[in-house]
Structure formats: structure tokens, C-alpha cells
Amino acid sequence: MTTRLSRSEVAILKRLAPRFVTFEGIDGSGKSTLIEELSGWLKEASIAFLRTREPGGTRLGEQLRELLLDPSFTPMNHQAEVMLYSASRAQLVQEIIRPAMNRGMWVLADRYTDATLAYQGYGRGMDRKALERIQEWATGGLQPHLTVLLDCEVMIASRRMSGRKEKEDRIEQEDRDFHQRVRDGYLKLARATPERFLVLDGSRALDKVRANFQRQFIAALRRSYDGEQQTSNASLAVGANGRTTES
Ligand SMILES: Nc1ncnc2c1ncn2[C@@H]1O[C@H](COP(=O)(O)OP(=O)(O)O)[C@@H](O)[C@H]1O
Ligand SMILES: [Mg+2]
């Protein structure tokens, strides 16, 4: 079940250029739930979109996913872990995300480069500058227009996950302190690039999270779009008079 958009919200979505939106947050924070919500809105507005999940999303990526989440590979070398996640992401960008964007589709991604910075950088304490360079290299520098961060208390998220039938995967088996560092790390990433992030309180009741998402998402999209318009107007102005002007 998704909440309905107003006519004016649908009109805004239709007017905007296709966006690449990523969803981040610890397991159980509500990413899949909000991706489902946004998918419902896009369907309602008859806008073409594609959903991806990480690791996976391609034939190669799904095999890498098996390796990455299999608890029998504990302990996995940290560098090897980064390479496997990044390999899956590189394949996903080239095979799925870029072609979809080139066809004018929206892309909704369940995790992307921020996940590596949060989990391996902040969670495992690896060199974040190195991780950033590896991400840039693996993705050809493709950045999302907007990143929705579900910030959720670790205990609440873990309680939601324990309601599931499946066995815990390799990452879910990490201790509480690890997930706390990942949560804090995500918030630091959001603070470093506030113009790209929409941070939602994912600890709240689902109807509240949905309502906040609906209100803030459309507003954030408009801001990112306006920002782009200003940049392209500025470059047109530079092109016209041949001089760089400050705006
Ligand atoms: N705000 C919320 N309050 C209560 N339960 C929630 C909330 N958001 C999600 N859930 C439930 O918690 C579980 C995990 O949510 P999900 O969207 O799958 O998280 P993620 O994709 O981030 O792991 C699901 O069963 C979902 O229905
Ligand atoms: Mg999910």
C-alpha cells in the first residue's frame, strides 16, 4: 500500500527530468518500504523507472552477492570485501544504470557508493579517501541526484529485522557497535554533502515516515532541479559573453 500523491505533486514529478535516486541506511531502517512507495508514485504518474539492489542486479552481481553475504566466508579480508562490492557496482552502473538513464528512465537504487563509505569506511575503519577514489573509479564518477538516508536507531532496526524468517547474512551478523558506527557514518556523509541528502527519521512509526518522505522528497527534488537550472543558465551566460561571472 502506498500513499497517494496530490495532482500537483504528480504534475511536479512529470515536469522534472529523470532522476537517479539512492536509498541508504542500516538494515531494517525502511529503505525497501520507501522504494516501494516511490515506485507507486512513479507508476501513478506513468513515469518509466527502474529499481536496483546492491550487491547484485546483474548476473555477475548476483553471484558476487552470494559470496558477499555468505556467513561461511567470515572473516573476509576487508580489501577483498571492498573490491567485491565495487565489482558488483561497476557492472551494475555499466550494464543497468547508465543505459536506463540514457533512455530517460528514473533509477531507484537500494544502496550505492555511500554504503561502501559507511560500512567499510566508518564501520570497518578503512581509509575513506582510498574508498572514495575506488568508488569514483568503479562507477566512472556517476553520482546520484538525490540520496534518501533512513536514519534509524540500531535497536529498532534490529528488532524489525528479527521479525524476518531468513537467517542473518554475513553483514547482519556484525555486532551492535558496528551497526552504530555505520549509522553515525551515514550521518557524517549526509552532513558533508547536505545538498545531495534527504535525511529522514526512520525510527518513527511507518505512517509518519511515509508522510515525511512524501512532503520532503518532492521539495528536495525541486531544489536539486532548480540548482541544475541555475548552473546551466550560468554556463549559458558565460558562453554568451565569453567571461566568467560570479553568481
Ligand atoms: N517506520 C517503520 N515502522 C515500523 N516498521 C517498519 C518501518 N519501516 C519499515 N518497517 C518494517 O520493518 C521491516 C524492514 O523494513 P525494510 O523497508 O525492508 O528495511 P530495509 O530495506 O532498510 O532493510 C519490514 O518488515 C517493514 O515492513
Ligand atoms: Mg531492503
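**Entry 1: the core.** I began with the largest nonpolar core, which has 47 residues; Leu-34, Leu-108, Ala-118, Val-148, Leu-149, Leu-198 and Leu-200 touch the most other members. I took a nonpolar core as a set of buried Ala, Val, Leu, Ile, Met, Phe, Trp, Tyr and Cys residues joined through C-beta atoms within 7 Å. A residue is buried if 20 or more other C-beta atoms lie within 10 Å of its own, exposed if 12 or fewer, and partly exposed in between, with C-beta atoms placed from the backbone. In soluble globular proteins, nonpolar side chains tend to be buried together.

The model is predicted: local features need pLDDT of at least 70, side-chain atom pairs count only at pLDDT 80 or more, and totals for chains, interfaces and linings use all residues. Residues are numbered from 1 along each chain as its sequence is written, while chains are lettered from A and ligands numbered from 1 in the order in which they are written.

Entry 2: I traced an open sheet of five strands in the order 2-3-1-4-5, with parallel pairing. Strand 2 (49–53) and strand 5 (197–201) stand at the edges with a single partner strand each, so one side of each has no neighbour in the sheet. On average, neighbouring strands of this sheet are turned by 20° against each other, direction ignored. For the terms, helices (H or I, at least four residues) and strands (E, at least two) are DSSP runs numbered from the N terminus, and two strands pair if DSSP finds at least two bridges between them. Axes are lines fitted to C-alpha atoms, for helices over the stretch in contact, and angles run from 0 to 180 degrees between N-to-C directions.

**Entry 3: strand 1.** I asked which strands pair with strand 1. Strand 1 pairs in the parallel sense with strand 3 (residues 106–110) over four bridges, and four bridges also join strand 1 to strand 4 (residues 146–151), again parallel. Val-21 has Leu-108 as its bridge partner in strand 3 and Leu-146 in strand 4. Phe-23 has Asp-110 as its bridge partner in strand 3.

I then checked the cover of strand 1 (residues 20–24) and found five of its five residues buried. Phe-20, Thr-22 and Glu-24 are on one side and Val-21 and Phe-23 on the other, and all are buried. In a regular strand the side chains alternate between the two faces of the sheet.

**Entry 4: strand 3 and its neighbours.** Four of the five residues of strand 3 are buried, so the strand is largely enclosed by the rest of the structure. Strand 3 pairs with strand 2 in the parallel sense over five bridges. Arg-51 has Leu-108 as its bridge partner in strand 3. Helix 2 packs on the sheet, touching strand 1, strand 2, strand 3 and strand 4, and its direction makes about 165° with that of strand 3. Thr-52 stands opposite Ala-109 in strand 3.

I looked up the contacts of Leu-108, where two residues are in contact if their C-beta atoms, placed from the backbone, lie within 7 Å. Not counting residues up to four places away in sequence, Leu-108 touches Val-21, Ile-35, Leu-38, Ser-39, Phe-49 and Arg-51.

**Entry 5: helices 8 and 5.** Helix 8 (residues 176–192) lies across strand 1, strand 4 and strand 5, running at about 145° to strand 4.

Is helix 5 (residues 113–123) largely enclosed or open? I found 11 of its 11 residues buried, so helix 5 is largely enclosed by the rest of the structure. The buried residues of helix 5 pack against strand 1, helix 4, helix 6 (128–139), strand 4 and helix 8. Gly-125, with a positive phi near 75°, follows helix 5.

**Entry 6: helix 4.** I looked up Gln-91, which lies in helix 4 (residues 78–102). Gln-91 counts as partly exposed because it has 19 C-beta neighbours inside 10 Å. Gln-91 touches Thr-58, Leu-60 and Gly-61, not counting residues up to four places away in sequence. Gln-91 and Gly-61 are 30 residues apart in sequence, with 7.0 Å between their C-alpha atoms.

Gln-94 also lies in helix 4 and, with 15 C-beta neighbours inside 10 Å, counts as partly exposed.

**Entry 7: ligand 1.** I listed 14 residues around ligand 1, the closest being Gly-30, Lys-31, Ser-32, Thr-33 and Arg-160; a residue is near a molecule if its C-beta atom, placed from the backbone, lies within 6 Å of it. The shell has three nonpolar, seven polar and four charged residues. Here Ala, Val, Leu, Ile, Met, Phe, Trp, Tyr, Cys and Pro count as nonpolar, Asp, Glu, Lys and Arg as charged, and the others, Gly among them, as polar. Helix 2 (31–44) and helix 9 (206–241) each supply at least two residues of this shell, and helix 2 gives the most, with three.
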